[in-house]
Amino acid sequence: MRFIRIFSIGLMIWATTGVPAQASSDYFHQRTWAWNGRELSPGNNLAMLQPGNDTRVNLLLLLQGDRRASATDGKGKVFFEWPELSNSLYPAPADFESNSRYSHSRCQTVDTGRDAFVQAVRAVKNMPEMERDLLIAVRRSLSPDCEEPTASVGGVTRLAALQSQTGRDFGVYLTSALAFYNGDFDTATKGFSSLVQAKNDWLKETSLYMIARSELNRSQVRAFDDYGYFDGTSAVDQGAIRNAERGFNLYRKIYPKGSYQQSAKGLLRRVYWLAGDTEKLSAEYGDVLSGPGATGLLLPVLIQEVDDKLLPNLAPGSIANDPELLAMAALYRMRKPYDPYGEEKPKPAIGRSEIEAMRDSLSGRPGLFEYLLAAHAFYVANDPKMVLATIRDDARRPNYGYLDFSRQMLRGRALEAVGDRNARGFWLQLLAGSESGYQRGLVEFALARNLERSDSVADVFAADSVVQTPVLREILLQYSAGPALLRRQAKDAKAVKRERDLALYVLLYRELTHRDYSAFLDDLKLVPADANVLEPFYNLSTENNYGYEVEPAPVPLGLFTKFDESSAFGCPRLKQTVQTLASSPNDPRAQLCLGDYLRMAGFDDYWLDEQPKTESLGGQKQGFPGSQFSRLEAYKRIIADRRSSPENRAYALYRAIWCYGPAGKNSCGGEEVGQGQRAAWFRELKIRYPSSQWAQKLKFYW
Amino acid sequence: MARLLFLSFALLFLGGCGRSAIQETQTVVAEDYDSFWLWAGVKPQPVLDQARSIYILAGEVRAGDAGRFRQLRPATPDVAAVDLWLVVRVETLEWSPAVADEILRLAEKWDRRDRPLTGIQIDFDARTDGLEGYASFLRSFRQSLPDRFKLSITGLLDWSANGDPSGLSALADVVDEAVFQTYQGRATIPGYERWLARLRDLPMPFRLGLVQGGQWQEPDHLDDMPNFRGYVVFLVNPSRVRAGD
């Protein structure tokens with residue numbers, strides 16, 4: 001049984017954008033348990049800066065300084081996704097809602113605008129009471145709907161009753177605001193423009209700001225298509241967007257302490273994005289990222305914005321002097337070209353000389369310049385020796401900020417790449433200073449990999465082992481451990497139950513399918529009497545999906561002791577079958593019954609039979625000797641053996657044909673046979689054994 | 001089309017026949033279909049003009065994101081005269097309390113007189129052994145939905161083969177349809193035929209999800225299955241289709 005990922009090819013973009021976030025993330029959750037330094041794989045982010053990380057993760061790590069995620073957040077984890085890290089470092093307030101009534105449209109200010117208006121009207125001295133009440137009532141009657149403009153007129157017709165100049169000015173403001181929300185930006189801009197000389201200060205200031213907002217909205221009337229997709233800068237009204245830019249800048253100049261300063265600054269980012277002005281946009285991001293507090297936004301929200309708005313249009317040279325943005329972009333450009341939709345043409349990776357040209361710009365972040373040079377050497381130039389020459393050994397610190405940690409991690413990887421014998425010692429030293437969030441699991445991963453590759457898997461399970469992250473231990477038990485180690489772990493009273501059960505489960509399964517029958521019978525005694533009988537175990541933690549199960553599924557050891565495989569062929573229970581095989585391994589009937597057990601219990605195409613790829617943890621070699629039992633091969637042997645009894649032979653033919661049913665795909669392992677062979681088996685079953693129940697049951701072959 | 005291999009030998013001597021279920025593989029051409037998924041980051045294509053239903057990704061609740069809903073579409077779709085579905089990609093069922101309300105508010109924003117919203121599709125990979133739990137989750141979500149919105153889910157082929165019947169029937173009671181994916185990335189899921197053979201027993205109306213430019217072999221007897229309602233094609237950006245890899 002396998003869990004099939006659905007939309008593995010989705011690509012995530014953030015709400016306020018419309019630009020494919022080509023760089024950051026999609027829906028691949030699969031954790032390959034391999035170093036994945038240069039290829040984007042959003043489920044496989046690591047706590048070290050590397051080209052393959054989500055660009056948001058790299059930028060967030062870069063902006064932490066000495067700040068680190070808590071050890072609890074990253075505990076037991078190696079890889080993570082962007083939200084895991086960002087929520088851990090910047091928990092959003094509990095009342096966070098991404099979607100208030102009018103969010104993501106200009107209508108989001110309908111309520112705050114009303115309150116400000118009411119307050120401003122109340123503050124006017126000498127306004128006739130009737131006019132004041134009328135203005136407030138009319139404003140309160142407005143409930144524009146930016147999704148369905150033109151629908152709302154509210155009580156604006158009553159504004160004709162206004163007599164005083166200030167009252168009429170506020171009336172003009174209201175009709176302009178309604179036009180704005182209703183999408184009539186010509187009227188809105190015209191109306192607001194007539195108020196910039198108004199006597200009332202609130203009207204003067206607010207109208208100047210609203211002119212720019214109106215022009216901004218006018219610029220994007222045709223920017224999004226019917227499906228809500230951003231059509232690009234060419235679909236933006238360039239005249240209106242220039243008006244908006246001038247308007248916001250004018251506002252910010254005239255009212256340096258004005259109420260809409262923060263909003264105007266934020267909307268300028270949208271202006272630069274819509275106008276396609278990447279240089280101004282990146283300068284603005286450099287500014288707000290260094291002091292996100294002034295924006296009223298959490299850092300991860302700004303980083304998400306950078307990903308959506310800046311990254312897709314980033315060209316070399318368009319970032320000014322912001323070290324973190326420069327580093328994020330440089331790492332991005334070391335990535336192996338990848339794009340699930342094929343929109344991106346492979347671009348050449350960043351050159352070493354381009355990084356060298358950043359020396360001065362990066363000087364504010366000691367260590368960053370060397371790190372980028374070393375990363376380039378490692379990921380692009382394939383020159384690990386250069387890494388060792390660039391980054392000195394500094395693995396004995398009590399703790400690390402993410403940049404310093406990244407430097408040491410890269411050094412460790414370079415030591416591994418050149419085959420340095422001290423790599424293991426280096427990881428052990430680094431581990432002592434890596435308790436912070438997501439750091440420890442990563443160093444343990446490096447260490448586990450090192451041990452596996454030097455035939456020292458047993459050391460991972462030694463009493464004093466520092467590799468304690470469960471998922472790493474489980475991978476090695478499943479794929480790399482031999483019988484002795486599995487048996488030891490299965491019997492280890494000090495091990496956690498899950499690990500003990502898993503070791504025994506893998507041991508029994510492998511003994512059964514590697515024909516170590518007497519060992520199987522011995523070890524079967526370790527299965528507790530109350531063991532579960534469920535469908536075969538599938539380890540979500542190690543194999544797939546989100547990497548970490550909330551509640552680990554129980555290991556169904558009872559499958560080996562209690563499963564009932566009785567069928568028309570009349571097999572005994574598994575234990576008895578294996579007892580027969582232990583004394584005569586080639587007994588045809590017992591082999592057929594072993595096949596029936598594996599088939600009925602659900603072990604066809606079992607995931608444990610598939611070794612991870614070589615570069616992955618657990619991908620070195622299977623710790624179990626001997627070849628794998630295959631139902632198809634067993635059937636072939638019985639069919640080929642002329643001494644087989646008619647009953648056994650008829651059943652073997654029947655089962656061999658069924659290996660390809662009902663859809664022509666072999667589910668029995670072993671070497672494939674063609675359709676001609678299956679047809680021949682079908683004929684033979686029908687002609688030689690016409691009265692057998694198997695011949696009578698089978699109507700087709702596949 | 002099914003290619004039947006009649007065995008004259010078997011016919012002559014046995015009065016029966018053997019046949020093969022091996023079929024031809026075809027490339028999925030979006031223009032041959034009328035229902036599509038439009039994911040975030042995928043540029044709308046002219047083929048959408050012929051759509052009878054469009055499933056548009058609107059937002060997601062990601063694992064590791066404290067059960068929050070995030071919107072993924074910058075503007076509200078404005079398409080009329082199709083069955084429009086608002087899709088929410090869901091990685092965890094542990095939603096923060098506000099999520100159902102947020103989805104509902106968004107649905108109401110999409111649902112206008114001149115372009116009604118057909119319903120909401122939840123895209124969640126429920127574990128095959130967790131279907132009953134998923135059904136009860138959906139039941140309570142459905143209770144918060146106005147009756148005018150239908151509820152669709154995406155499904156895993158594995159459900160049909162290994163899902164327990166009571167879990168499947170609990171799902172069938174709460175959803176209007178399920179759409180099963182037959183692909184992983186661009187490729188058809190290996191061995192998918194084995195799962196498809198079991199779809200006949202599914203107690204709910206279902207569709208099959210294909211990927212534009214992907215490979216697809218229509219299995220036997222699909223059209224005979226009473227609950228089969230056709231296909232939904234996952235659109236991908238055009239250069240990818242041309243590349244054919």
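This is a predicted model: local features need pLDDT of at least 70, side-chain atom pairs count only at pLDDT 80 or more; totals for chains, interfaces and linings use all residues.

Guide: Residues are numbered from 1 along each chain as its sequence is written, while chains are lettered from A and ligands numbered from 1 in the order in which they are written.

Visitor: What is the radius of gyration of chain A?
Guide: The C-alpha atoms of chain A fill a box of roughly 110 × 65 × 45 Å along the principal axes. For a compact globule of 702 residues, the rule (2.2 Å times the number of residues to the power 0.38, with the radius taken over C-alpha atoms) would give a value near 27 Å, but chain A has 34 Å.

Visitor: How many helices and strands does chain A have?
Guide: Helices (H or I, at least four residues) and strands (E, at least two) are DSSP runs, numbered from the N terminus. For chain A the secondary structure comes to zero strands and 31 helices.

Visitor: How many residues of helix H13 of chain A are buried?
Guide: A residue is buried if 20 or more other C-beta atoms, placed from the backbone, lie within 10 Å of its own, exposed if 12 or fewer, and partly exposed in between. H13(A), residues 323-332, is mostly covered, and the buried count is ten of its ten residues.

Visitor: Which residues touch the most other members of the largest nonpolar core?
Guide: A nonpolar core is a set of buried Ala, Val, Leu, Ile, Met, Phe, Trp, Tyr and Cys residues joined through C-beta atoms within 7 Å. The largest such core has 184 residues, and those touching the most other members are Leu442(A) and Ile657(A).

Visitor: Which residue is the bridge partner of Phe36(B) in E13(B)?
Guide: Two strands pair if DSSP finds at least two bridges between them. Strand E2 (residues 35-38) and strand E13 (residues 228-234), both of chain B, pair in the parallel sense over two bridges. Five bridges also join E13(B) to strand E11 of chain B, with the two running parallel. In E13(B), Phe36(B) has as its bridge partner Val233(B).

Visitor: What is the phi of Asn126(A)?
Guide: Most residues other than glycine have a negative phi. Asn126(A), in the loop between helices H4 and H5 of chain A, is exposed, with 6 other C-beta atoms within 10 Å. Its phi is a positive value in a residue other than glycine, near 65 degrees.

Visitor: Where is Asp455(A) found?
Guide: Asp455(A) also has a positive phi, near 55 degrees. This residue is exposed, with 11 other C-beta atoms within 10 Å. Its place in chain A is the loop between helix H19 (439-453) and helix H20 (457-460).
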